[in-house]
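Please consult the display below alongside the text.

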Protein chains: 2
Amino acid sequence: MPTYTAPVKDMMFLFEKLRDNKNYNELEKYNEVTPDLVKDILEEAAKINQNLILPLAKAGDENPAVLENGIVRTPPGYKEAYQKYIEDGWTSLSCDPKYGGQGMPKTVSAFFDEMLSSASLSFKLYSELSIGAYNCINHHASNEIKDKYLPKIVEGKWSGTMCLTEPVCGTDLGLLKTKAIKQSDDTYKISGQKIFITSGDHDLTENIIHLVLARSADSPSGTKGISLFLVPKYIVNEDGSVGPRNGISTGSIESKMGIKGSATCVLNFDDATGYMIGTKDKGLSAMFTMMNLERIVVGIQGLGISEIAYQNSLAYAKERKQGKTNNSKSSNGADFIIEHADIRRTLLNMKSIIEGERALCFWLSQQTEVSLYHPDEKIKHDASDYVSLMTPVVKSLFTDLAMEITSDAMQIHGGYGYTKDQGIEQLYRDNRITPIYEGTNSVQAADLVFRKLFNKNGDIINKFLDMVKSECESKNGKVKTFSKELNYYLDILSKFTGWIGDKNKIEKDDVSAAANDYLKSLGYISIAYAWIKILDVSFNDFNTNEEFYSDKINTAKFYFDKVLPRAEYHYKSAISGSSNIMNFKFN
Amino acid sequence: MPTYTAPVKDMMFLFEKLRDNKNYNELEKYNEVTPDLVKDILEEAAKINQNLILPLAKAGDENPAVLENGIVRTPPGYKEAYQKYIEDGWTSLSCDPKYGGQGMPKTVSAFFDEMLSSASLSFKLYSELSIGAYNCINHHASNEIKDKYLPKIVEGKWSGTMCLTEPVCGTDLGLLKTKAIKQSDDTYKISGQKIFITSGDHDLTENIIHLVLARSADSPSGTKGISLFLVPKYIVNEDGSVGPRNGISTGSIESKMGIKGSATCVLNFDDATGYMIGTKDKGLSAMFTMMNLERIVVGIQGLGISEIAYQNSLAYAKERKQGKTNNSKSSNGADFIIEHADIRRTLLNMKSIIEGERALCFWLSQQTEVSLYHPDEKIKHDASDYVSLMTPVVKSLFTDLAMEITSDAMQIHGGYGYTKDQGIEQLYRDNRITPIYEGTNSVQAADLVFRKLFNKNGDIINKFLDMVKSECESKNGKVKTFSKELNYYLDILSKFTGWIGDKNKIEKDDVSAAANDYLKSLGYISIAYAWIKILDVSFNDFNTNEEFYSDKINTAKFYFDKVLPRAEYHYKSAISGSSNIMNFKFN
């Protein structure tokens, strides 16, 4: 079974040294979220993840969630662990104190999301969607509904789901068929089938609050006729107690490649009572409040799984002897594989990506908080643009790179990496869902190039690139070598962006065909931007902790030498256009 | 379950139009292997793979091989299928008629290897190692042993294994501990444990012939004290009949991520009777006869799995509707996903890699035959150098790209790609062993840069590059556009090769750290070389079959536009050297 030590040190480094965002630091509500408090939280978080949750990963893989007589049973140990998990208040970490939450910012809760993803993605999913549902209800529902449902969700006694997908509509929600018929008491009767519903049913909570997209009987077809409904597994009585079963049944659960501990359900709604959330026919945009935050969390899942893959690869490389190095001093026998240049290269590849991602994510968490709570509308707006721009990048790139990293972890383990005993191949299988769910990575790329770069708020990508550029230029001293190099790639990205902008007017298929490449270029450069921030601190504070900062500087150097050049390949590959692709006859 | 139609048309195109190797065409023994004969063979091969073997893939995944009371049982249906398989003579395809084989060249048998890999890799492995054992025995054993063992192996009544790996030695065979003690009758008693033995035990054949590396009691430590032994599961009597059980038992079988139908065994040798093959203490080089051919076959496994992944992605893209294209004509509802630019790009990426690989492999098959049978020693030698150079490239690049292709196939299938029902995720899991076994891809890369580029035969890589360059220059007409582009990358590869050569003298760790990148650069360029051959025929014969040749030309264009640029990224990434990597402190 893989081992795991939460990277509290690196997280605290980010929290202490990279809160460089003036706007974030102006948020009064977080004045009391001090490094000392955060350290206490992260250390407690480390304990529960390392000790209680980590073993659930293997348990869930070996004993998947099952559907028995209409009831979904979670793997052995999940119930007890979930009980402890909610007793310790982990579901409430980022929620509003008004509903019993701890009111922690994303700059803290994102670290917890990462740890939990490292420990067990399957287990995480049971509470993750609850937070999504919480956010969506909190933003869009009436006070009556909020007061009735949110405290129980925050407490973790009830959980939540997102019911979007149907057999013929995944990416394309305009096709959805689930019907909502209005009743005389203003409630709705919901009927239809939803598939791929994560945590759609389970035995961990006393109620499950489904957020369901459905089409009201008198609404138009397509995406403009979709409303959002709250549909509880058990009807909630006036006094807040759990009442009779609603018209929802579990048709089946999916047998999957990974995340086997997580119940992925087919849910049948049969005249189930539902309550409309937000405005009629505007359900899709309400749901997307939840989806966007959720997409960033999926990126963090990739980061978390990458971290545990790295840790175990490093440990194995330090204990496995095989072959002699180029400068071997051992006259007999083999050297530790960590002495081999190629293994070291692979480990540094992992490490440089992971630490860069974590820093980028921390920057994004600050922007998210600014976008939600800053008093100045202009500042709030700019931050919101950055979050919106980075959402598809973090979701896609982090999950794709987690495939690379978990795959490299298997290679380092050799044949042992392919067997079940070591648990390394499970990381790879578990992570393999992340490039698919919450919108496939290609859907993210299309979202980026068609909706996020330039939109009604203006030219977002150039605002972002200008910010990165001016921040790079403002740096002095040894960081200059790195920021100059980044500048080379920023120029390429500017050209790439101009190309996308031009093609968007005359040949959209060129843009579609280039979307994945563009996302990757932007992503690698964004991670380099995060490294610039780390480097600036590392050079300035070098004397205070030489060991730590040398490690950072050398890891950054690897990233700039070996990883960042990928940004250019993606540009070269993309600009050949799409006419050959579109005209191709697939016989 | 995935469907499969063997690409006989593409294979016949290669066999008819790309037998451009003068030296191969001079091999008299293959005069009678005419296109008509080959077509008949491939059509029969298509039938057995499509109808009989394909269903075994799912059967094996759902009912893995098991060890019960010391006996390994293959999945349901394997026994019956294997019986039919050997009755139809498929094990004997490439073997010497002297021992009952059909004497087909690699230019034919490689196609069969590809089909069988597409249909079921697990099932394939039961006979694949037999061919490996056949080759090894045929090259190194005495006539007495050949006469005794080969006819049964060729017939498929007995199978073979390669027993190299031990718990502490995978890559590094110098560490091996299995002991061989010479007896008065010149046989040996073999004792030790071997792990990860593919088809180490099973119920398909009446005997299993293990080829075992072991150290004779009086031999030195390290790789220079290893000998090769033939150790049958059942002792073979003088008259060739199967006698008493030998001292070999199956300790356990591995529970793996994929190829679950294949039994991967821990074998315990306990005073088992063995017969030395070849020269004492030269076992490793004898085994490598088998390993080298086997490594190319592993590359072909990747190709075969890529092909079935592509076929099913294409079919799904043609029947799944989702979202509207940029130029959608449907006023209501969605378009087929094959109309989306990004899906088309992904499909062409697969197709351009697969067809290029198949053509490269066909060229390599011709070289292999020349290297074995050409009467002119110089020609034979040159061909052998090319085969030796390309072996690690084909093994590593084809298997890595098969990971990319099977992963992309999952993405195209969206959520359905992650569930077990569709069988797409199984392709990904099954293929995941190919970058690991027969020497991990990193070991291949080290082999390439340290032993294959420049060796005692001289400067092999530049001989290869000169050949590619002069062939490109000799082309006329429309192919020029492509050969010019390839030339750009050939220049990069020349620089890269010079860099490797220089660093090899002064800083071997630079070479080690660059090895994977170098292998990929060389690989992408070699596939482009194969595409040049295809293009030359396509332009010359265009009028004879416009549909077929347009398809080839446009697929090639995609490869040159979108895939080949990767060769340059790998160069840029590699030349930053290794000092930062080697000095890094992994704390």
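The sections below treat symmetry, the chain contact, helix packing, the core and selected residues.

The structure is a predicted model. Chain A is superposed on chain B by a rotation of 180° with 0.0 Å of shift along the axis, at an RMSD of 0.0 Å. That is the relation of a two-fold axis. Within chain A, the C-alpha nearest this axis belongs to Tyr569(A), at 2.9 Å from it. Both copies use the same surface, since 100% of the contact residues of chain A recur in chain B.

## Contact between the chains

Chain A contributes 71 residues to the contact, and chain B contributes 71 residues. On the side of chain A that touches chain B, at least two residues each come from helix 9 (341-373), helix 10 (377-413), helix 11 (415-418), helix 13 (441-452), helix 16 (508-540), helix 17 (546-563), helix 18 (566-574) and helix 19 (579-583) of chain A. By residue type, this side of chain A divides into 25 nonpolar, 27 polar and 19 charged residues.

Helix 18 of chain B (residues 566-574) is largely enclosed by the rest of the structure, because 7 of its 9 residues are buried. These buried residues are Ala567(B), Glu568(B), Tyr569(B), His570(B), Tyr571(B), Ser573(B) and Ala574(B). Their cover draws on both chains: it includes helix 17 and helix 18 of chain A, together with helix 15 (479-506) and helix 16 (508-540) of chain B.

Within chain A, the axes of helix 9 and helix 17 come within 9 Å and cross at roughly 105°. Helix 9 of chain A is therefore roughly perpendicular to helix 17 of chain A. On the helix 9 side of chain A, the contact is made by Leu348(A), Asn349(A), Lys351(A), Ser352(A), Ile353(A), Glu355(A) and Gly356(A). Helix 17 of chain A supplies Thr555(A), Phe558(A), Tyr559(A), Lys562(A) and Val563(A). The residues of this contact comprise 5 nonpolar, 4 polar and 3 charged.

## Nonpolar core

The largest nonpolar core has 379 residues. Phe229(A), Ala528(A), Phe229(B) and Ala528(B) are the residues with the most contacts inside this core. Setting aside residues up to four places away in sequence, Ala528(A) touches Leu486(A), Tyr489(A), Tyr559(A), Phe560(A) and Leu564(A). Tyr559(A), one of these partners, also belongs to the contact of helix 17 with helix 9 of chain A.

## Residues with positive phi

Most residues other than glycine have a negative phi. Asn69(A) has a positive phi of about 50° although it is not a glycine. Asn69(A) is located in the loop between strand 1 (66-68) and strand 2 (71-73) of chain A. Asn69(A) counts as exposed because it has 5 C-beta neighbours inside 10 Å.

Glu438(B), also not a glycine, has a positive phi of about 60°. Its place is in the loop between helix 12 (424-431) and helix 13 (441-452) of chain B. With 25 C-beta neighbours inside 10 Å, Glu438(B) counts as buried.

Lys177(A) occupies the loop between strand 3 (158-163) and strand 4 (179-182) of chain A. With 14 C-beta neighbours inside 10 Å, Lys177(A) counts as partly exposed. Apart from neighbours within four places in sequence, Lys177(A) is in contact with Glu166(A) and Gly192(A). The C-alpha atoms of Lys177(A) and Ser221(A) are separated by 9.2 Å, with the two residues 44 residues apart along the chain. Lys508(A), in helix 16 of chain A, is partly exposed, with 17 other C-beta atoms within 10 Å. Between the C-alpha atoms of Lys508(A) and Tyr373(A), 135 residues apart along the chain, the separation is 36 Å.

Pro105(B) lies in the loop between helix 4 (78-87) and helix 5 (106-119) of chain B. Pro105(B) counts as buried, having 21 C-beta neighbours inside 10 Å. Not counting residues up to four places away in sequence, Pro105(B) touches Tyr30(B), Val33(B), Ser365(B) and Glu369(B). The C-alpha atoms of Pro105(B) and Gln444(B) are separated by 25 Å, and these residues are 339 residues apart along the chain.

Conventions:
Residues are numbered from 1 along each chain as its sequence is written. Chains are lettered from A and ligands numbered from 1 in the order in which they are written. This is a predicted model: local features need pLDDT of at least 70, side-chain atom pairs count only at pLDDT 80 or more; totals for chains, interfaces and linings use all residues. Two residues are in contact if their C-beta atoms, placed from the backbone, lie within 7 Å. Helices (H or I, at least four residues) and strands (E, at least two) are DSSP runs, numbered from the N terminus. Ala, Val, Leu, Ile, Met, Phe, Trp, Tyr, Cys and Pro count as nonpolar, Asp, Glu, Lys and Arg as charged, and the others, Gly among them, as polar. Axes are lines fitted to C-alpha atoms, for helices over the stretch in contact, and angles run from 0 to 180 degrees between N-to-C directions. Angles under 35 degrees count as roughly parallel, over 145 as roughly antiparallel, 65 to 115 as roughly perpendicular and the rest as oblique. Copies are superposed by least squares on the C-alpha atoms of residues with pLDDT of at least 70 in both. A nonpolar core is a set of buried Ala, Val, Leu, Ile, Met, Phe, Trp, Tyr and Cys residues joined through C-beta atoms within 7 Å. A residue is buried if 20 or more other C-beta atoms lie within 10 Å of its own, exposed if 12 or fewer, and partly exposed in between; C-beta atoms are placed from the backbone.
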